[in-house]
Amino acid sequence: MALATHDKPATTDFGAAVALSCRECGTRYDLGPDFACIECFGPLEVAYEFGPVTREEIAAGPANVWRYRALLPVPADVADKPNLAPGWTKLVRADRLAAELGLRSLHIKDDSGNPTHSFKDRVVAIAVEAARNFGFHTLSCSSTGNLAGAVTAAAARAGLDACVFIPADLEQAKVVMGSVYGGRLVGIEGTYDEVNRFCSELIGDPLGDKWGFVNVNLRPYYAEGSKTLAYEIAEQLGWRLPEQIVIPIASGSQLTKIDKGFAELIKLGLVEDRPYKVIGAQAAGCAPVATAFRAGHDVIKPVKPNTIAKSLAIGNPADAPYVLDIVRRTGGVVEDVTDDQIVDAIRLLARTEGIFAETAGGVTVGVLTKLVREGRLDLEAETVVLNTGDGLKTLDAVADHARPSAVIRPSLDAFRATVAE
């Protein structure tokens with residue numbers, strides 16, 4: 001049974017992907033621009049029939065996400081098409097931060113090295129291929145900031161039109177990035193959740209015909225891009241899974257897809273099947289999942305965001321129930337940190353490892369620090385923490401700490417006096 005509301009081209013190529021499957025009831029549908037099950041309204045995700053995949057075949061691929069094309073809903077020749085080719089970002093061995101916190105082994109997966117300086121380039125790259133398959137001419141999204149820039153940049157590279165929607169009070173650096181690549185950038189007076197609802201309405205309107213909304217009607221494909229974080233981390237660790245991993249929560253999709261990626265690597269025999277803990281991180285000003293976790297609830301109570309971590313400011317995260325399931329299944333936790341703790345963590349990571357994280361990275365490092373100081377983290381376990389974006393996008397968060405150590409006359413005597421103080 002197909003749910004598609006748009007005409008599909010006569011031929012499509014999604015690689016090993018064979019269907020869309022409902023997470024709740026398991027009903028399968030043809031691959032199409034659809035995101036909800038008509039039987040139970042559960043979310044749809046991509047199902048595969050993988051052939052043999054070897055480490056050697058992956059290693060022979062390009063140094064970007066397309067080295068994993070056999071595990072993604074994309075054609076075999078995807079690397080030859082015009083795209084931003086994100087991924088294969090650094091896994092930084094964070095020995096100085098580890099020593100300061102008392103951890104034996106710590107790595108930072110630094111996704112600020114992507115083309116538009118956030119992990120969103122990964123998910124958008126997969127969505128672009130789906131848009132091409134379905135004959136869409138415009139790429140769109142609702143965004144808390146990073147996605148807007150990733151969509152407009154990817155559309156420019158792919159030769160598609162772009163129209164993206166953001167909360168009107170977004171950080172200026174992200175507004176600039178969302179607009180510089182061309183296309184239309186529309187500010188909505190309201191929260192991200194209100195922006196997202198507006199986009200859902202637009203899909204059913206003639207204005208949105210032939211539009212691919214990467215995080216709505218292309219969401220099943222788009223979300224698969226986050227699996228590449230799991231693949232890269234495992235490969236960069238020498239084809240093994242980390243014992244614990246700290247992941248930021250916005251919609252929750254990134255966390256669920258990293259878990260899916262780990263499971264696929266195990267199933268394909270590419271890594272050893274061993275336990276790992278998934279730790280979710282939120283800002284206290286938008287922490288519905290952390291609140292539900294502490295209360296032992298299976299569902300969340302939506303909140304109105306109020307935090308400097310605007311890229312995580314989703315008050316009603318769609319994947320929250322699945323996040324709670326994964327965290328509990330793996331023996332992890334969901335924790336939150338205050339805005340002050342976020343700023344402290346940004347500065348700590350910068351001071352110890354030379355990585356300037358955006359506020360979402362401050363959330364993950366802040367949660368790591370909090371759990372260590374409260375004695376709630378295994379100090380001996382190999383740990384990976386995600387930094388999903390560049391601190392240059394959220395300068396206002398640390399602006400109060402940005403000033404010269406001293407202002408002096410251009411003379412050695414003046415500098416000596418400063419050093420002596």
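Are glutamate 224 and lysine 260 buried or exposed? Both residues are buried, where buried means under 20% relative accessible area, exposed over 50%, and partly exposed in between (1.4 Å probe, protein chains only). The points below place this pair in its setting.

1. Basis of the note. The model is predicted, so local features need pLDDT of at least 70 and side-chain atom pairs count only at pLDDT 80 or more, while totals for chains, interfaces and linings use all residues. Residues are numbered from 1 along each chain as its sequence is written, and side-chain values use heavy atoms, with hydrogens and water left out.

2. The pair of glutamate 224 and lysine 260. These two residues form a salt bridge whose closest N and O atoms are 3.0 Å apart; a salt bridge is a side-chain nitrogen of Lys or Arg within 4 Å of a carboxyl oxygen of Asp or Glu. The pair links distant parts of the chain, with glutamate 224 in helix 7 (residues 219–224) and lysine 260 in helix 9, 36 residues apart. Helices (H or I, at least four residues) and strands (E, at least two) are DSSP runs, numbered from the N terminus. Salt bridges that share partners join Arg23, Glu45, Arg219, Glu224, Lys227, Lys257, Lys260, Glu264 and Asp319 into one network.

3. Helix 9. This helix covers residues 253–267, and its end C-alpha atoms lie 21 Å apart, in agreement with the 21 Å that 15 residues should span at 1.5 Å a residue. The expected span is 1.5 Å times one less than the number of residues. Helix 9 is mostly covered, with 12 of its 15 residues buried. Glycine 269 follows the helix and has a positive phi, near 75 degrees.

4. Other salt bridges. The count by the rule used here is 30 salt bridges. One of them joins the side chains of arginine 122 and aspartate 111 at 2.7 Å, N to O. Arginine 122 lies in helix 3 (residues 120–133) and aspartate 111 in the loop between strand 5 (105–110) and helix 3, so the pair ties together parts that are 11 residues apart in sequence. Arginine 122 and aspartate 111 are both buried. Lysine 174 and glutamate 171 form another salt bridge, with the closest N and O atoms 3.7 Å apart. Lysine 174 is buried at a relative accessible area of 2%, and glutamate 171 is buried at 10%.

5. Six of the six residues of strand 5 are buried. Ser105, His107 and Lys109 lie on one side, with Leu106, Ile108 and Asp110 on the other, and both faces are covered. Two strands are taken to pair if DSSP finds at least two bridges between them. Strand 4 (residues 91–93) pairs with strand 5 in the antiparallel sense over three bridges, and leucine 91 stands opposite lysine 109. Strand 13 (residues 382–387) runs parallel to strand 5 and is joined to it by six bridges; there, threonine 383 is the bridge partner of leucine 106.

6. An open sheet is formed by three strands in the order 2-1-3, with antiparallel pairing. Its edge strands are strand 2 (28–29) and strand 3 (44–48), each of which pairs on one side only. Strand 1 (residues 17–22) is joined to strand 3 by five bridges, and alanine 17 stands opposite tyrosine 48.

7. Cysteines. The search of the whole structure finds zero disulfides, a disulfide being a pair of cysteine sulfur atoms within 2.5 Å. The sulfur of cysteine 37 has its closest cysteine sulfur in cysteine 25, at 3.7 Å, too far for a bond. For cysteine 199 the closest cysteine sulfur is in cysteine 141, at 7.1 Å, also too far for a bond. Cysteine 37 is buried, with a relative accessible area of 1%, and cysteine 199 is buried at 0%.

8. A nonpolar surface patch. Val176, Val180 and Tyr181 make a nonpolar surface patch of about 270 Å². Patches are made of residues with over 30% relative accessible area and no salt bridge; like charges are joined within 9 Å and nonpolar side chains (Val, Leu, Ile, Met, Phe, Trp, Tyr) within 5 Å. Accessible areas come from the Shrake-Rupley method with a 1.4 Å probe, and for residues only the protein chains shown count as cover. Valine 176 is found in helix 5 (residues 172–180) and is partly exposed, with a relative accessible area of 44%.
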